[in-house]
Amino acid sequence: VLNAIGPLLFRGIVSNNTGNTRLACAIVSKTFPWVMNLIDAPHHFQLMLKDIGGLHYFKEIIECCCQTIKFFRKSSYTNAHLHEKHKDLKIKTGLTSFGKTRFSTVYLSGCSLRTNMPAIKALCNANTVNLKVRVRNNELLLILVPGANSTMCLESTNSTVSDVYVFWLATLAELHDIITDRHNPMPNEVREDIQHITNFQWKEMIEQSPTADVYHAGFILDPRKCLLSYLELLEFYSSKLVLGNPGYRKSDILRHANANPLAIAPIRVNSSRQAPVATTNLPDPVRRAGQFLLDRLRIEYNDRKTPICGLREDEAVDLLKDQIGKYYQSEPPFDRPVTGDEGPREWWERLNQDRLYISQPIAVCILMALSLRRNCN
């Protein structure tokens, strides 16, 4: 199919983590190096939720939730009375069953059960149904909500590789706050299990995947504002323009050696060897993103045989290196504001179309990544 359509028309391929599909994607990416081999981001969040929900600590809670929902779903009598009680208590949502492959439905089912609990208890107290309800799923929902919300957001067709990195950081930060909370009654071994599960999925997708740098580069080269207050959000969505901002390129997260707050700190061994002196003022994460862009540019010239704006390869490389530094320092033309109807891809396209400045090749290279879809839904 790829050869029939034309390999030059493809920029990326995405799959889940099954053996056959991963091997097929690896073969395609090796044969056509400009086709980036991506991992299905929502699928990895689903796997994380599956592993957390599979912990023995949550087994009884999930079984109780499942049995309660099944009891009402299987009986038309109890289901009819539950719907009537919905009207009395003004409950607008019903019970959601567990999915076999979409593991975020564990969270959705738990939320639906919590919402319907007043109606269920009312039916039990009135002896309409004979059911002993002992569901205490708040702790489970608290752990699952960051990953479940990230999954639903990343399933949007408008999400970018930058959003994958942002939602991973948000999920890790939220889980860090939960498992380090002293008032949380969760045993230490369960906290450690959650930490290991989350770190495994983070490493497999963001640190060790074949094209892990695409998420990192997309994050740094996302011109959108990284911290918006509620009033700024209203201004952003109600008007056509907001003030210029540095975006994620100046985010505090770039100052850390590891962006993952759940990562286990490495053991440092004292050595007489001096650390290498940095040859540039750019932070390591920015240099990593720049190296990714340089690699993509060389693939364009050497494998795809597609020069950028008529430039020779050495000219394009020198220009790209210069533009990476200017982008990080928010120098013109990279100080342009983001308008209310723009995403990162639209911002770079608008910049690329401006012939007053030579915005290529940095715009061309990052648009290759921002044009990709991150999931196979």
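This is a predicted model: local features need pLDDT of at least 70, side-chain atom pairs count only at pLDDT 80 or more; totals for chains, interfaces and linings use all residues.
I started in the loop between α12 and α13, where I found cysteine 309. Helices here are DSSP runs of H or I with at least four residues, strands are runs of E with at least two, and both are numbered from the N terminus. Cysteine 309 has a positive phi of about 55 degrees, although it is not a glycine. Its relative accessibility is 52%, so cysteine 309 counts as exposed (exposed is over 50% relative accessible area, buried is under 20%, and partly exposed is in between, with a 1.4 Å probe and protein chains only).

Residues are numbered from 1 along each chain as its sequence is written, and side-chain values use heavy atoms, with hydrogens and water left out.

Lysine 305 is not a glycine either, yet it has a positive phi of about 60 degrees. I looked up its accessibility too: 61%, so lysine 305 is exposed. Most residues other than glycine have a negative phi, and most peptide bonds are trans.

Then I looked up a cis peptide bond, which joins proline 332 and proline 333, with omega about 5 degrees. Proline 333 sits in the loop between α13 and α14 (344-352).

**The whole protein**

I noted 15 helices and 2 strands. Of the 377 residues, 45% count as buried. The protein exposes about 20,800 Å², and carbon and sulfur atoms supply 53% of that (accessible areas come from the Shrake-Rupley method with a 1.4 Å probe; for residues, only the protein chains shown count as cover).

**Methionine 36**

Which strand holds methionine 36? I found it in β2 (residues 36-39). Methionine 36 has a relative accessible area of 1%, so it is buried. Leaving aside neighbours within four places in sequence, its contacts include Arg11, Thr211, Phe292 and Met368 (contact means heavy atoms within 4.5 Å). Phenylalanine 10 is 26 residues from methionine 36 in sequence, and their C-alpha atoms are 8.9 Å apart.

**Rings**

I counted 11 aromatic pairs in the structure. Rings of Phe, Tyr and Trp (its six-membered ring) pair if their centres lie within 6.5 Å; planes under 30 degrees apart are stacked, over 60 edge-to-face, and the rest tilted. Phenylalanine 32 and tryptophan 34 have ring centres 5.6 Å apart and planes at 55 degrees, so I wrote this pair down as tilted. Both phenylalanine 32 and tryptophan 34 are buried.

Tryptophan 347 and tryptophan 348 make an edge-to-face pair, 5.0 Å centre to centre with 90 degrees between the planes. Tryptophan 347 is buried at 1% relative accessibility, and tryptophan 348 is buried at 0%. I also found one aromatic cluster made of Phe45, Tyr165, Trp168, Trp202 and Phe219.

**The cavity**

How many cavities of 30 Å³ or more does a search of the whole structure find? It finds 1. A cavity is a set of points on a 1 Å grid over the protein atoms alone where a 1.4 Å probe fits but cannot get out, and lining residues have an atom within 4 Å of a point. The largest cavity has a volume of about 40 Å³, a volume being the space filled by probe spheres set on the points, which are joined across faces, edges and corners. Its lining includes Ile220, Val286, Gly290 and Tyr327. α12 (284-302) gives the largest share of the lining, 4 residues.

How values were computed: On a 1 Å grid over the protein atoms alone, a cavity is a set of points where a 1.4 Å probe fits but cannot get out, and a pocket is an open set with protein on both sides within 12 Å along at least five of seven lines; lining residues have an atom within 4 Å of a point.
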